[in-house]
Amino acid sequence: MADYIGSTTQLLKYTQTDSSQTYIVATETGILHQMQKDQPQKTFIPAPPDNSCACNECPHMKLNTLEKLYLCLKYEQPELTMEESLRLAALKPIERMLEISKAAGLIG
């Protein structure tokens with residue numbers, strides 16, 4: 001359950017214009033510094049608060065670069081193979097994120 005769901009930029013803008021004074025932020029921890037810098041009078045709490053599970057600091061995502069993405073698209077490598085049931089299960093959250101973005105007017 002969330003009061004606001006959005007991209008990193010949208011989260012930052014939301015906290016700049018919203019009247020609340022305290023936020024639990026469930027995204028990459030790097031945005032907390034920018035939020036605190038822009039709104040020093042507000043309190044930003046990372047989720048999870050102790051970051052012991054590192055859910056919002058995925059080391060694997062940080063390995064992605066624009067160059068690697070370009071090469072992957074250009075050469076269609078590496079190829080991932082998986083069971084169809086797993087592919088369909090993985091597709092559900094992606095479709096849901098696109099539905100939410102469309103409902104919010106973020107995509108056409």
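Predicted model: local features only at pLDDT ≥ 70, side-chain atom pairs only at ≥ 80, totals over all residues.
Modeller: Residues are numbered from 1 along each chain as its sequence is written, and side-chain values use heavy atoms, with hydrogens and water left out.

Colleague: Why is Met97 called exposed?

Modeller: Exposed means over 50% relative accessible area, buried means under 20%, and partly exposed lies in between, with a 1.4 Å probe and protein chains only. Met97 has 51% relative accessibility, so Met97 counts as exposed. Met97 lies in helix H4, residues 84-103. Helices here are DSSP runs of H or I with at least four residues, strands are runs of E with at least two, and both are numbered from the N terminus.

Colleague: Which residues form a nonpolar patch on the surface?

Modeller: Ile94, Met97, Leu98, Leu106 and Ile107 do, with about 460 Å² of accessible area together. A patch takes residues with over 30% relative accessible area and no salt bridge; like charges are joined within 9 Å, and nonpolar side chains (Val, Leu, Ile, Met, Phe, Trp, Tyr) within 5 Å. The areas come from the Shrake-Rupley method with a 1.4 Å probe, and for residues only the protein chains shown count as cover.

Colleague: What makes Glu84 and Arg87 a salt bridge?

Modeller: The term asks for a side-chain nitrogen of Lys or Arg within 4 Å of a carboxyl oxygen of Asp or Glu. The closest N and O atoms of Glu84 and Arg87 are 2.7 Å apart, and the pair forms a salt bridge. Both residues lie in H4, 3 residues apart, about one turn of the helix. Glu84 has a relative accessible area of 44%, so Glu84 is partly exposed. Arg87, at 37%, is also partly exposed.

Colleague: How many salt bridges does the structure hold?

Modeller: The structure holds 2. Arg96 forms a salt bridge with Glu99, where the closest N and O atoms are 3.4 Å apart. These two also lie in H4, 3 residues apart. Arg96 counts as partly exposed at 47% relative accessibility, and Glu99 is partly exposed with 47%.

Colleague: How do you know that the buried residues of H2 line one face of the helix?

Modeller: In H2, Ile31, Leu32 and Met35 are buried. Seen down the helix axis, the buried residues fall within an arc of 105 degrees, so they line one face of H2. The arc is that of the directions from the helix axis to the C-beta atoms. On the other side of H2, Gly30, His33 and Lys37 are exposed.

Colleague: In which sense do S1 and S2 pair?

Modeller: Strands S1 (residues 22-25) and S2 (residues 43-46) pair in the parallel sense over 4 bridges. Pairing requires that DSSP finds at least two bridges between the strands. The chain crosses from S1 through H2, residues 30-38, to S2, and this β-α-β crossover is right-handed. Right-handed means that, with the strands pointing away from the viewer, the path from the first strand over the helix to the second runs clockwise.

Colleague: Why is Glu76 called exposed?

Modeller: Glu76 has 65% relative accessibility, so Glu76 counts as exposed. Glu76 is found in the loop between H3 and H4, and has a positive phi of about 50 degrees although it is not a glycine.
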